[in-house]
Amino acid sequence: MKMTQRPETGKKKKSSKQNPNNTTMNILQTDSPTSNLKRRRTEGKPDKKKKEAELPACRKRKGDHGDEEDFNDDSPRNSDGERMLQDSDDNDSPSAEGSETEYDAESSQSDEEDVGIDGQPDSEDSGHLSSFNRHLEHNLTKEEIDNQKGSKFNWVAPAIGMSGCKWTGTGKNILEDLNSNSFDGLTPKLYEHWMDVYNTSGGNDLNSPIQKIFFSLCSSYWDILHCNKKPFYLKALDDTSIMDAYVMHSLNHVFRTRDFVKKNDAKLSRAGESAGSDKFRDQGFTRPKVLILLPLASILHRVVKRLIQLTPSAHKVNVEHMDRFLTKFGSEEYGGNEENDHDSENKKPPKASKPSDYEVLFGGNNEDDFMIGIKFTKKTIKLFSDFHTSDIIVASALSLVNKIEEAGSNKEKDVDFLSSIEVLIIDHADVIAMQNWSHVHTVIDHLNRLPSKQPGTDVMRIRPWYLDENARFYRQTIVLGFYSNPDINASFNHQCCNYEGKVKLVCDYKGVLHKVLPEIRQIYERFHIDSIVDADDTRFDYFVKKVFPRIKDSDQGGIMIFTSSYFEFIQIRNFLKSQNASFCLLGEYTTQSDISRGRNWFYEGKRKIMLYTERSHFYHRYKIRGVQNLIMYSLPERKELYPEIVNMLDASADMACTVMFSSLDKFRLERIVGTSNAKRMVSAEKSVFVFCH
């Protein structure tokens with residue numbers, strides 16, 4: 001492939017007030033099916049079965065982590081209320097959990113240790129403080145908060161195991177002191193089970209350089225933007241390797257949180273009333289600490305199933321509602337119920353008219369409105385647990401936005417379960433961007449706010465930075481995807497303000513021009529742009545004045561105009577209407593009957609122009625017949641779609657396409673033509689470039 005140049009041709013926060021006469025926030029109870037669905041305050045009445053005096057004060061606390069299901073799973077006392085919660089389709093109703101009970105007598109000492117170099121435990125008592133404790137116990141100063149506003153990416157380090165990639169970050173270079181051979185902060189039980197799972201399944205990616213460095217970055221509690229992760233639907237093992245790392249990090253954070261609370265509860269129990277609980281700040285407003293955002297229910301099935309597999313056996317003697325989970329989210333497509341997803345990723349999908357990656361990604365449950373709470377107890381994993389008392393919430397951004405809007409219009413509802421999220425993971429961000437990234441922006445904006453209602457937590461146990469409304473500075477955000485775009489970058493740069501710092505992966509691309517049929521000439525035309533504010537108008541003006549006149553007076557039909565956004569689609573549609581042009585539409589909101597009719601008209605020459613969008617192609621991967629001339633009004637975000645669209649010219653007599661671009665399209669451009677070509681194309685004096693074999 002060679003490139004030649006030729007001359008240019010003609011929403012307000014809610015506050016929560018505390019009763020100064022009561023050091024414990026009111027809790028939520030469920031005595032009946034009716035009260036189970038509504039929050040109501042209690043006055044600290046004693047339990048009918050046990051008197052409060054029979055238990056130490058710390059054991060009578062109801063709330064974040066001291067509930068019965070945590071440490072006495074075999075007790076039948078809450079079975080009716082729990083069953084009603086589990087069978088409900090809407091899991092955001094307040095929970096009745098929290099009855100007085102004896103704590104787990106087994107306080108595993110090994111869980112109070114970290115896994116250090118080569119999996120060897122490092123005891124906290126010996127002076128080693130885990131990354132978990134270092135991060136959450138840090139006293140944030142006003143100066144550190146102010147410094148977050150002006151932080152810049154000021155260092156670069158090579159990305160080991162990833163050719164052409166490098167890490168860049170803010171503040172101090174974390175990779176200088178990062179020991180990629182360590183699993184800092186990971187409890188021995190988790191590490192040993194992780195090893196056993198890989199040895200049993202025959203996996204060979206455990207402890208690979210990519211996985212070790214990524215897990216070390218996760219354990220550092222820095223914000224991470226990793227948008228060069230080849231996805232599983234493109235037969236990439238790295239996807240599972242990275243997924244395992246963030247799943248283990250999530251489990252480790254949940255188990256360490258619980259162990260820390262149990263440890264402090266034991267100290268309070270031994271000290272009795274002489275010890276003030278305000279010395280043991282170890283909780284948030286609500287229990288959920290990890291939120292994982294995913295685009296499709298089939299991917300939720302994949303992630304949650306792997307999370308269950310990577311949970312140590314001692315903590316999953318029972319997995320409640322697994323049948324319901326498989327029925328609701330499971331898929332029989334492409335080994336969706338296989339025990340080992342490593343093998344399922346290598347399975348070949350059956351022959352179909354769609355590309356193989358499409359069949360794998362969309363061959364399962366395509367629901368994009370889903371949400372599930374996951375709760376860990378002494379020996380049980382509870383799926384579909386109440387959101388307010390779950391440890392991990394896995395959801396789509398759309399589902400959470402619906403909950404947020406519901407809470408805004410109904411005072412009986414709330415999204416307080418988002419108030420204490422400490423680890424946010426957004427996986428397959430590129431697919432979510434094809435849905436609606438503004439939903440993610442809304443969700444992040446509603447994280448770590450003060451709860452609208454009094455949660456069931458001892459206020460003297462809440463960490464000070466929650467009460468000071470500084471929780472967002474402690475939240476770790478991990479964004480993963482196949483590529484990044486301006487919306488993803490904007491959220492990472494402006495909505496993620498972790499005091500630890502940020503690190504992101506930057507890569508050079510080889511491009512996908514070699515996948516285009518050799519006979520097709522690809523003519524790239526650069527238009528000048530003065531301001532990002534005027535970018536859309538400048539593009540439209542160039543099309544109207546330079547490109548459209550070439551096709552307006554032509555008798556040739558079969559002209560496809562490709563746009564990457566719905567806004568551009570509407571803008572061009574309105575313009576074509578004003579010109580009384582002969583055209584048909586194929587967009588993401590076009591009805592199926594109109595699509596079929598339009599495709600036939602276009603192929604038969606009854607319509608001269610077809611207007612086509614990237615999202616429509618992403619979700620349907622149509623093979624459009626009759627394309628004689630292709631005009632790319634804007635480049636696609638997804639590089640794998642470019643050759644598919646351009647190769648629709650295979651039956652064309654001219655075999656040429658025109659691509660419009662500006663200097664602001666550099667990220668899209670480099671994924672398609674390659675990084676080195678893109679740099680030259682946005683800076684060269686000439687503005688027209690031709691690629692051909």
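Reader: To start with helix 14 and helix 15, is their crossing left-handed or right-handed?
Author: In this predicted model, the crossing of helix 14 and helix 15 is left-handed. The contact is made by Ala397, Leu398, Leu400, Val401 and Ile404 on the helix 14 side, and by His439, Val440, Thr442 and Val443 on the helix 15 side.

Reader: And at what angle do helix 14 and helix 15 pack, and how far apart are their axes?
Author: Helix 14, which covers residues 397–409, packs against helix 15, residues 429–445, at an angle of about 55°, and their axes are 9 Å apart. Helix 14 and helix 15 are therefore oblique to each other.

Reader: What about helix 18 and helix 19, at what angle do they cross?
Author: The axes of helix 18 (residues 535–552) and helix 19 (residues 566–578) cross at roughly 40° and come within 12 Å. Helix 18 and helix 19 are therefore oblique to each other, and helix 18 passes helix 19 in a right-handed crossing.

Reader: Which residues of helix 18 and helix 19 meet there?
Author: From helix 18 the residues are Asp536, Asp537, Arg539, Phe540, Phe543, Val544 and Phe548, and they meet Phe567, Glu568, Gln571, Ile572, Phe575 and Leu576 in helix 19.

Reader: Changing topic to the sheet: how many strands does the open sheet have, and in what order?
Author: The open sheet has 11 strands in the order 4-5-15-7-14-13-8-12-10-11-9, and its pairing is mixed. Strand 4 (153–158) and strand 9 (318–320) are the edge strands, each pairing on one side only. On average, neighbouring strands of this sheet are turned by 15° against each other, with direction ignored.

Reader: I see strand 8 in that order; in what sense does strand 8 pair with strand 12?
Author: Strand 8 and strand 12, the latter being residues 392–395, pair in the parallel sense over 4 bridges. Within that pairing, Val290 has Ile392 as its bridge partner, and Leu291 stands opposite Ile393.

Reader: And how many bridges join strand 8 to strand 13?
Author: There are 4 bridges between strand 8 and strand 13 (residues 423–426), and these strands run parallel. The bridge partner of Val290 in strand 13 is Val423, whereas in strand 12 the partner of Val290 is Ile392.

Reader: Are the side chains of strand 8 buried or exposed?
Author: Both faces of strand 8, residues 290–293, are covered, with Val290 and Ile292 buried on one side and Leu291 and Leu293 buried on the other. As background, side chains in a regular strand alternate between the two faces of the sheet.

Reader: I also work with cysteines, so which ones are joined by a disulfide?
Author: The count comes to 1 disulfide, and it joins Cys165 to Cys507 with an S to S distance of 2.1 Å. Cys165 lies in strand 5 (residues 165–170) and Cys507 in strand 15 (residues 502–507), so the pair ties together parts that are 342 residues apart in sequence.

Reader: Is that disulfide left-handed or right-handed?
Author: The torsion about the S-S bond of Cys165 and Cys507 is about 110°, so the disulfide is right-handed.

Reader: Are Cys165 and Cys507 buried or exposed, and what about Cys584?
Author: A residue counts as buried under 20% relative accessible area. Cys165, at 10% relative accessibility, is therefore buried, and Cys507, at 8%, is buried too. Cys584 has 6% relative accessibility, so Cys584 also counts as buried.

Technical notes. Residues are numbered from 1 along each chain as its sequence is written. This is a predicted model: local features need pLDDT of at least 70, side-chain atom pairs count only at pLDDT 80 or more; totals for chains, interfaces and linings use all residues. Side-chain values use heavy atoms; hydrogens and water are left out. Buried means under 20% relative accessible area, exposed over 50%, partly exposed in between (1.4 Å probe, protein chains only). Helices (H or I, at least four residues) and strands (E, at least two) are DSSP runs, numbered from the N terminus. Two strands pair if DSSP finds at least two bridges between them. Axes are lines fitted to C-alpha atoms, for helices over the stretch in contact, and angles run from 0 to 180 degrees between N-to-C directions. A disulfide is a pair of cysteine sulfur atoms within 2.5 Å. Angles under 35 degrees count as roughly parallel, over 145 as roughly antiparallel, 65 to 115 as roughly perpendicular and the rest as oblique. A crossing is left-handed if the near helix is turned anticlockwise from the far one by less than a right angle, and right-handed if clockwise. Contact means heavy atoms within 4.5 Å.
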